[in-house]
Each structure stands twice: as structure tokens, then as C-alpha cells.
Amino acid sequence: MLDLFIEFFRQLAEDYPRWNFVFFHDERQWNRLLSGFYYTVWLSVACLIFSVVIGVAGAWLQGSPSRLVRSVVQGYIQFFRNTPPFVQLLFFYFALGQFTPTITAADGWTVEPIISNVGWAIVSLSFFAGAFNVEIFRAGIEAVPESTKEAASSLGFSRLQTYTEVVLPLAFRVCLPALNNNLVNLVKTTTQAIGIAVPELLYQCVGIWNDYPSALYPTMLVLFLLFILLVGVLVYSMHRWERAMRIPGYGG
Amino acid sequence: MNTTQWTPDQPIVSMRDVHKSFGNLEVLKGISLDVRKGEVICIIGPSGSGKSTLIRCINALNDIQGGSIKVEGQEVHDKNLDKLELRQKVGMVFQQYNLFPHKTALENVMMAPVKVLKEPKDEVQERALKLLKKVRLDGKEHSYPGELSGGQQQRVAIARSLAMRPDIMLFDEVTAALDPETVKEVLITIKELAQEGMTCILVTHEMGFAREIADHIYFTDRGVIVEHGPPSTFFKNATDPRTQEFLSQIL
């Protein structure tokens, strides 16, 4: 079965040289594609988690009584929302990367920065998506009626308890669709990590079609399909989550 | 800090010359009243007279600009006050119920004792089930607020407050959002509570209920207490023209 599959694509490449799905009949290229896909998934999941954490924490700090804290959050949002994510990525890696401490690698003689290019990609993309998430969560939080929060404080809940027990669970439900959109964007933005040589999917694909110009179209095609798949899984699970969180008799 | 210990023969709630403003608008202009343990107090008056603001000051949901409010001898608007302790002592029920919509009736009742007082869950659950039974909502434990009628929601809200074992209950126009049919079921619940000796402070427009249940009635207008007295004299012998006018419109 597998042999048939490999043979089919080898033959296809011979008959139609523009359609060389090289990764389907060359194991090394297949492994490249696969490792790129894993990297993209790993990058996406890490950034998803961190950006949501940043969003939740940022939205909480936005409600802080301290004016200083509020303006720091506001400054953060303005910076990361109003500058291109690709430039941020380069800035983090090339500018800030200079100032981070270095460690000696396992081989005993190379010196590596403590935060690798993958690390910087995660940091930079999480902060980028996190800035939008703060605004998304803020919208959800503002949709929670003041009276509901008041009921919580009348029962002795602290500000933090009110936030975690009452406000967040309700706000989450309101902002899931918007969050969904932003996370989809985040997954797609991970391709920009190619700019600092993170070996994610796009990086590997570019490598493949540089080595095999005949594989240009097929690789692009597969690149699109893999992203559709990846985003599809994300959207599907977000919708499942949305449905699971629906409260009987509340909202739509 | 207050050095004298509060004893039950002293007023449980004591307000002295309380002033409260929202911006330039002065809502309370020197309110003084005393509530004794086990008493039922009704505050009536036209809309905008400061009734709700008045009781919201008692559990520090609103701050005040002048005067003093003491609950069990403790100054409420002291900066160093332990708000948790105050709010455990003073329960509150709101006009719009304000239940937590993402929690079932039972969870609504259990939440504060478990999360705030850190009491063991099974103990709280037992108490919560009893309370729901007491407000005649057995069978609705696992319904969400959105699946309950207004009257049922309001009774869950009452049970939720009682779960904290408060000494005083504040009711802020709790029947104003209900249809006439369900008003009764909520009033019966409050009445039972009052009969058991709970100290209750109600803001209400239900004059018949106030007359029946209250030990003392306060009439407020434009931020001052115009007149007060036990219902027997208050409804018959109101002397102030403003009270007379208000009562003539309602009774």
C-alpha cells in the first residue's frame, strides 16, 4: 500500500516534472516536512497558551486601581498592536538577543544565547497575540454586569476571587468568538518565525523547493493544506469548547 | 479603633448623621437610625429618595462622605475594616437577583462559604440543600438561573445570602422586578425569616407587607428621614405632609 503510494508520486514526478511531490517519495524530504510541521504545531500551542495567559493577566491589570499599572498595560498594548509582528520578531531576536546572557553549549566550546531563536519566536509572537487578547478579554469583562460583581463582593469575595470565580468564566463565554479569530491569526503568524531561522513549516518548505525547484508547486499546495488542517483543528476545538461552556437559559 | 465591646442589647446597626454624595449630587443628607437585634425595619419613600443608597452603605458597597455607620459596634467605613468579616455578617439581596448565571442554584448557594469562608464542601452542601428546601426550591438544585422564574431566582439569592450565616439581612426592593404572582412566594420567605428572629432591613414598595411585617418604618424623601414609627402609628397618624401625600398615592 505504502509502496504503491510512493511509486505513484515517483511516476507522477517523472511524467509531469512540475508536479514533483518530492516529500512523498524521498524519505529525507518527508522528514523535513514532518519536522517543520511539528515545529509549527509546537510553536502554535506554546504561543496560544502564553498569549491567553498574557491576555487574562493583562485584562486583570487593566482594572487595577493603580494608574501606573494601567498605563504600563496600555503602553504594552499600543506598542504590540501598532507595530508589525515581523519587525517585533527581528527586534526581539537581533536587538534584545544581544543583551541576554549566554551559556556554553553541550559540546563544550560553542557559546549560545540563553534564549534561542525558537525561544524568541515564542516570546515575541505571544506578546503580539497577547496584546490583542487583552483587548478581547477586556471586552468580555466589560460585558459582565456591574451588579453581578457587586453581588460577589456583597458575599465577601475579594477582587481577585470575583475575577477568577465570576468575571472570567462569564467573560470567556462572551469573548470566545473574538479569541478564536485572534488565535487563528496567531497560528498563521508563526510562519514569520522563518525570519529568525526557526525551522518551522514554512522554513522547511522553502528549503525543499530551493533544493528541488520541480517541487515548488506541490510544496506550496501541501503548505496550504497543512495550514487549513491546523487551523481547522483549532477552530473545531474552539467551537466544541464554546458549545461545552454554553449555559442553559443564558445568552444565545 | 473602637475599644468598647458590642453587646446584643446595643443597636446591631447604628447610623449617625450619614452623608453620601455622588459627585455633586448629595443623596443622603444626614441619616440617623438604629436597628436592634431581631428587628425588622422597612424603609419606604419615593424613587430617588436615597433608600437603596442607604442600605448599600451598611455593607460598604457604597462609601460615605460623613457620619458614622456601626455594625455590631464596628465602624463600617473605617479604612482598616475587614470587609470580609462585615460582609459575612451582613447578607444582601438585590432587586435584580444578581445570581451567578454560570452556576446552578446549588452552586450559587455553596460558592461563597466554600471559596470565601473555606468551609468543607460536603458540610456546605448539606447546609445549602437545607436552605434551598427552606425557600421551597427542592428539586431545582441543579437548574441554572436562566431556567428559573424571577421569583425562584430571588429565593435562590436569599438562600445564597443565608448560606453565609449572616446576622443581618438587607433586602433592596427585592420584589420590584417580579410579577404579582411571584411576589408572594418571595414575601413569604422573607416573613418566615423575620419570624425566626433574623434582623432584616428592607427597602420596599410593598406597603401591605411593610405594615404586616415591620417593627419600625422609616419614610425617606430627598435624602432625609422625614418620619418614622411603628406601623400601627405610622400608617394612621403620619403627620408630615410629604408622608401623607406619599401614602395617599399608594394606599
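**Close-up 1. Helix H6 of chain A, residues 117–142**. This helix has 26 residues and reaches 37 Å from its first C-alpha to its last, close to the 38 Å expected at 1.5 Å a residue (the expected span is 1.5 Å times one less than the number of residues). Helices here are DSSP runs of H or I with at least four residues, strands are E runs of at least two, and both are numbered from the N terminus. Look for Gly130(A), where a kink of about 25° in H6(A) is centred; the bend is the angle between axes fitted to the seven residues ending at a residue and the seven starting there.

This is a predicted model: local features need pLDDT of at least 70, side-chain atom pairs count only at pLDDT 80 or more, and totals for chains, interfaces and linings use all residues. Residues are numbered from 1 along each chain as its sequence is written, while chains are lettered from A and ligands numbered from 1 in the order in which they are written.

**Close-up 2. Where chain A meets chain B**. Here 18 residues of chain A are in contact with 20 residues of chain B (contact: C-beta atoms, placed from the backbone, within 7 Å). On the chain A side, helix H7 (146–154) and helix H8 (159–189) each give two or more residues, and H7(A) gives the most, with six.

**Close-up 3. The fold of chain B**. Nine helices and ten strands make up the secondary structure of chain B. Its C-alpha trace spans about 50 × 45 × 35 Å along the principal axes of the chain. Of the contacts in chain B with a separation of 6 or more, 65% join residues 24 or more positions apart.

How values were computed. Two residues are in contact if their C-beta atoms, placed from the backbone, lie within 7 Å.
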